[in-house]
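Please work through each task before reading its solution.

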Amino acid sequence: MAQFQEVLKQSALHPKPAGLVLQYGTSGFRTNAKQLDHIMFRMGLLATLRSKKTKATIGVMVTASHNPEEDNGVKLIDPMGEMVTQDWEEHATQLANADQEDLLTALKNIIEKEAINMSQEANVFVGKDTRSSSASLSQAVLDGVSALGGHSKDYGLVTTPQLHYMVCCQNTQGKYGEATVEGYYTKFCQAFIQLTKNTSNRTDDQKHLCLDGANGIGALKVREMESHLKKELQISLNNDGSKGRLNHQCGADYVKVQQKPPTGIKINPGERCCSFDGDADRIVYYYTDSEGTFHLLDGDKMATLISTFLKELLTQAGLDLKIAVVQTAYANGSSTHYLENTMKVLVRCTKTGVKHLHHVAQEFDVGVYFEANGHGTVLFSKAAEEKIQQLAEDTNVNDKRKKAALLLRNTINVINQTVGDAISDMLLIEAILAIKGMTIQQWDTIYTDLPNRQLKVKVADRRVIDTTDAERRAVTPAGLQEAIDNLVKKYRQARSFVRPSGTEDVVRVYAEADTQESADALAHEVSLAVYRLAGGVGDEPKPLH
Ligand code: 16G
Ligand code: MG
């Protein structure tokens, strides 16, 4: 077929380096940008096939999120704006690793396996972050789409969640919003303004937020959005990309991992601050107190604030909808304890990786999911949205129920349900704090985090570690879980688990306990157990103190 001849011709312009093997990881391919040209072309091909198969628009986002500037990566987006399904991740890996001369065979295998009708039209939306490599790499994606005769729309510079939003808007014929960046700002900012409309006495101080844009795409987009906020949120934007390097000593990942404020930002004591990551799908909040101590409010604190707010509104509205919070093993034990015992909210734990949380959250009427690292959102079932909408329109209900229903309706509209979105999460958190008249310090004291420590251990092959129970227990190698159990018993309020990273060649160790010293000591001892029982390489882990 002529189509395949074109693929052959075009693929020669995007050759695969011999011997290079890459995996579709936790959230797509990600490595040094120099190794990615052929991957991008091939993901253009794959997105076209996925579009033909689903008879819907598919998204391809070129970004390496919080990784350093010299890396890049690609994420595929399914029709409703969610991450691509897992069986297609396998197709992605197969296609990416086929040798140049086997590319057509690999492509035809997928077509056959998925019974794809090649005469079906295809539509692919493409977006990119601000990395210098992103321009040519997104062109390679576009080349892949056109080689298979697909149509494409290049959104240029957008955040990852903005592209997820566009795909969802397109495939719901505009029901989710208009598939333009303007449409995105209009939808989310209008909802924010509606939510904060009746919060009396908000001072300019309370409307002020200090933002670290990680020198990335999020900064650019917040600047574009600002006029839509009509001064109801006054953002002082730092690390806006005009000087510093992307994600370098700034951004949500840096702040979360280092537990300190980003550089390039002056913080006044008590001031409310937040950081985005490099593609603006994660956010964390923080402040420093009058003694200069740094306080981080991570994904767990956001999940708690949001779920508490929603639960209260559902009760006031008299709506019997099932709400749950979905976390991973990294969620601080205090947050889980507070949610289950004080808030009486159902908590579920899943494996690390947004797609896992997203799927579990879909099982509830209202599913709030957050990873501790700041990626998260809220999902409302269709039935829940309809009930809220009906109540908001009902003329026969009392004022209290009506008010709660209207707030719930606007809350739904301020949330990007397709994926965790730093901009939308920021607007939601800001609205909740405004409605509750709450300071960041008050929010912080809802519960106190247990001291914790994360470490990495290098081993010869991290696949020797297999886990179960949402990564909370190690099944292999033999003896490791027993060793961890015995170490945990030595400390109070202690918990520890290990898992192979899905993005780096290391084993990750997490420990928490009643004091920082105990958490550090436990993390170290568990690291040693991993090193000894799971084939550690290099020097033995050293104690932290
Ligand atoms: C990716 C995941 C993130 C997860 C992280 C874990 C997405 C969009 N991102 O960044 O959710 O927390 O990997 O990394 O799914 P690790 O496996 O190296 O610990
Ligand atoms: Mg990201």
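**Exercise 1.** Determine how many aromatic pairs a search of the whole structure finds.

*Solution.* In this predicted model, the search of the whole structure finds 13 aromatic pairs.

**Exercise 2.** Classify the ring pair of Y165 and Y176, and locate both residues.

*Solution.* Step 1: A pair of aromatic rings is described by the distance of the centres and the angle of the planes.
Step 1: The centres of the Y165 and Y176 rings are 5.8 Å apart, and pairing requires centres within 6.5 Å.
Step 2: The planes of Y165 and Y176 stand at 55°, so the pair is tilted; planes over 60 degrees apart would count as edge-to-face.
Step 3: Y165 belongs to helix α6 (residues 160–171), whereas Y176 lies in the loop between α6 and α7 (181–196), so the pair ties together parts that are eleven residues apart in sequence.
Step 4: Both Y165 and Y176 are buried.
Step 5: Y165 and Y176 also join Y184, Y185 and F188 in a cluster linked by ring pairs.

**Exercise 3.** Identify which lysines lie over the rings of F4 and Y176.

*Solution.* Step 1: Over the ring of F4 sits the charged end of K108, 4.9 Å from the ring centre.
Step 1: Over the face of Y176 lies K187, at 3.6 Å from the ring centre.

**Exercise 4.** Describe the pairing of β16 and β17 and the hairpin they form.

*Solution.* Step 1: Strands β16 (residues 466–468) and β17 (residues 473–476) pair in the antiparallel sense, over three bridges.
Step 1: T467 has A474 in β17 as its bridge partner.
Step 2: Four residues lie between the strands of this hairpin, in which D469 takes a positive phi near 50°.

Terms used
Residues numbered from 1 in each chain as written. Chains lettered and ligands numbered in written order. Predicted model: local features only at pLDDT ≥ 70, side-chain atom pairs only at ≥ 80, totals over all residues. Heavy atoms only, no water. Pairing = 2+ DSSP bridges. Helix = DSSP H or I, 4+ residues; strand = E, 2+ residues; numbered from the N terminus. Phe/Tyr/Trp six-rings, centres within 6.5 Å; stacked < 30°, edge-to-face > 60°. Buried < 20%, exposed > 50% of the residue type's maximum accessible area, 1.4 Å probe, protein only. Lys NZ or Arg CZ within 6 Å of the ring centre and 35° of its normal.
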